[in-house]
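Here are my notes on the model you sent over, as numbered points. Please have the sequence and the structure open while you read.

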Amino acid sequence: MSDLKVQNLRRTFGSVVALEDMNFDVAEGEFFCLLGPSSSGKTTTLRAIAGLEELDNGEVTFAGQDITDDPVQGRGMSMIFQTFALYPHLSVEANLAHPLRRAGLDSQSVRKRVGEVAELLRVTHTLKRKPTTLSGGEQQRVAIGRAIVQQPKLLLLDEPLTNLDAKLRHDMRAEFKRLHRELGMTMLYATPDQLEALTMGERVGVMRDGKVVAIGTPRELYETPQDKYVAEMVGSPPINFLTATGTADDQTSVPFLDHSVAAPGIKQDQPVTLGLRPHDIALANGGSPAATRFTGKIHLTEPLGDVTILDVNTRDITIKMVLREEVAAKLSVGEDIEISFDPKDLHIFDQSTGNRLNNDAGK
Amino acid sequence: MARKYREIGKAGWGYTAITTIVGFIYFSPVFWIILTAFKTRRDALAVPPKLFFTPTLDNFMSVFYRTSITTGNSQATDMGLYFFNSIFIAFTSVGLAIILGTLAAYAFSRFPLKGNDTYLFIILTTRMMPPIVVIIPIFLMFRLTGLAGSYWGIMLLYTAFNIPFSVWLIKSFFDELNPEIEDAARMDGSSERRVFFGFCIPQILAGLAATFVFGLILTWNEFLFALLLTGVETRTVPVAMARTLGGEVGVDYGLLAAIVTLFLIPIFFVTFLLQNQLLRGVTFGTVKK
């Protein structure tokens, strides 16, 4: 059993608290993503698990053993760093061979294993070269190769795609998924990019100020975010937030609607924040209920190819919505459109605590 | 980078002409000294200076063998020993300073103490005053401890003088390195010692070479402390050079020039060997990788 358990981690740098009450588990063979903005403690968490960072408090358990105070060497894990951290004075071959040599393999086995990994990652042609002469994508693949060459039980990935361009990021996301499937190792992946977390992670832990504030599958986090922060972190384009008040129990006002709509969990006069995903807003048609119809003026369009993001102004509020390209192509900026949404898609958060109120909302 | 560097040999006539002139101005005194070393006494003192003359090796001969005016016998001078002293003392003390400085710089860079900057500043203060200020206390200390006139004494002093500069320079090289590379090496199973010797040092070799050459040039040419703290056996070339002034026949310019010319050779050789590293060393951190 090679599961990872992180309990009550605390790490401070002077007066700055980097980690506080950090808790999460990763199951054996799982692809777990830590999603959080920069300086939310992702890197510190990974470094703590690797043993590169001293902890003020807390425990790291790996494969059933407390490894909190073990030395960095010999933890049976590897890490891919944001900067790739290839050894600039060694050839690609020597880079890949280094973990094996330290593990004491004989040179023939080393050569064989390096060859296999180079083949797997398609860097065989670069073996004799120095890392600085490689392209970004090649460097990244060599970094992956060096991390997986000794078949670690746990692979830590610290924003490995940050230094790559958009096209390469896309390719590498698929590459990571492929490697995870083929190698079956546990992966812990830190990223500030919700797209990476949602597309790759089997489960995602959302981080805020040195804490994991929510854990769930990408679908759970997207469909029923437990608070306003998670709703904001997950989903692209970002969720629309609207300020509203309960008009009666289980009824809320909506700033751009004349009528109240159903909102389970809400109390009369309770100030709330409503969340409405851009994907949950549609052009009104004959079937749309009159209560949630409203008119808005198109302020801005961002065509993305298959879909278009529209900024729509209605009663001094700008909301984002997403339309399929062929629908959006018929519309132009400045045009008034009639749109609607299903009140069931509303995410209702308490205005002061940010906690989700409609927990029972089945979609 | 706004534009690519010019290729070698494609600087254009303007740049070439200017650099040639500047180079000539800087090199001309050296050239004059080297020429003088090959001149007879008459040619050396000729006004205007002669550019064309019959070269002679007499001056170089008389560096090592002198004919006494009074007895007419030829006898060996101690110049060979002084050259050995200069080389031995300079290389050993700069080498020591680099070793100690590298260890200190690594510690300052990677394991900062409380008040790290203060310690670094204190180290630098030893270089803030002119050396002549401390010469009397140091001279007395050396007399008292018996270090005066010994190899150990002068080498320790030069080492001490080279350490601050080495620590500062080498620390800046360590600071430039990506610490994630060291972390990666640790995770791959390298011990702390291997991280230092196998990953940090190889990355700053150019910087170490530059530091070595700078330290060597400073130490090589040092005169004041060498004059006061070396003895007959440990005298260095700059001191010996000064002692040729005056004496039996006034200033022997040919002899002086020959010593200077020989004195240039070791440092020229080292600098030439390390010139690639030197260039990378001095531009370390100033050029974005």
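1. Let me start with a strand pair in chain A. β14(A) and β20(A) run antiparallel and are joined by 4 bridges. Strands here are DSSP runs of E with at least two residues, helices are runs of H or I with at least four residues, and both are numbered from the N terminus. Two strands count as paired if DSSP finds at least two bridges between them. Across this pair, A:Val272 stands opposite A:Asp350 in β20(A).

2. Before going further, some ground rules. This is a predicted model, in which local features need pLDDT of at least 70 and side-chain atom pairs count only at pLDDT 80 or more, while totals for chains, interfaces and linings use all residues. Residues are numbered from 1 along each chain as its sequence is written, and chains are lettered from A and ligands numbered from 1 in the order in which they are written.

3. Now the sheet around that pair. An open sheet of 5 strands in chain A has the order β13-β12-β11-β14-β20, with antiparallel pairing. Its edges are β13 (261–262) and β20 (347–350) of chain A, each of which pairs on one side only. As a reminder, strands of a sheet pair through backbone hydrogen bonds, either parallel or antiparallel.

4. Two hairpins in chain A deserve a look at their turns. Strand β16 (residues 293–303) of chain A and strand β17 (residues 307–314) of chain A run antiparallel, with 6 bridges between them, and A:Glu302 has A:Ile309 as its bridge partner in β17(A). This hairpin has 3 residues between the strands, and A:Gly305 takes a positive phi near 105°. Next, 8 bridges join β17(A) to strand β18 (residues 317–324) of chain A, also antiparallel, with A:Thr314 opposite A:Ile317 in β18(A). The hairpin of β17(A) and β18(A) has 2 residues between the strands, and A:Arg315 in the turn has a positive phi of about 50°.

5. How is chain A divided into domains? The assignment gives domain 1 (4–231) and domain 2 (238–350); such bounds come from an automatic or database domain assignment. The C-alpha centres of these two domains of chain A lie 39 Å apart. Their contact takes 4 residues from domain 1 of chain A and 5 residues from domain 2 of chain A, where contact means C-beta atoms, placed from the backbone, within 7 Å. The domain 1 side of that contact in chain A has 2 nonpolar, no polar and 2 charged residues. In this classification Ala, Val, Leu, Ile, Met, Phe, Trp, Tyr, Cys and Pro are nonpolar, Asp, Glu, Lys and Arg are charged, and the others, Gly among them, are polar.

6. Chain B has 14 helices and 2 strands. Its C-alpha trace spans about 75 × 60 × 35 Å along the principal axes. Of the 289 residues in chain B, 30% are buried (20 or more other C-beta atoms within 10 Å of the residue's own, with C-beta atoms placed from the backbone).

7. Chain B is divided into domain 1 (12–76) and domain 2 (79–282), with 30 Å between their C-alpha centres. Here 15 residues of domain 1 of chain B are in contact with 12 residues of domain 2 of chain B. On the domain 1 side, α3(B) gives the most, with 5 residues, and the classes are 9 nonpolar, 4 polar and 2 charged.

8. What does each chain bring to the contact between chains A and B? Chain B supplies 14 residues and chain A 17 residues. On the chain B side, α8(B) gives the most, with 6 residues, and the residues divide into 5 nonpolar, 5 polar and 4 charged.

9. Finally, confidence. The model scores ipTM 0.81 and pTM 0.81. Chain B averages a pLDDT of 86, and 91% of its residues score at least 70; pLDDT is the predictor's confidence in each residue, from 0 to 100. Among the elements of chain B, helix α4 (residues 79–110) has the highest mean pLDDT (94) and helix α14 (residues 275–282) the lowest (75). Where pLDDT is low, the predicted coordinates should not be read in detail.

Conventions. Two residues are in contact if their C-beta atoms, placed from the backbone, lie within 7 Å. A residue is buried if 20 or more other C-beta atoms lie within 10 Å of its own, exposed if 12 or fewer, and partly exposed in between; C-beta atoms are placed from the backbone.
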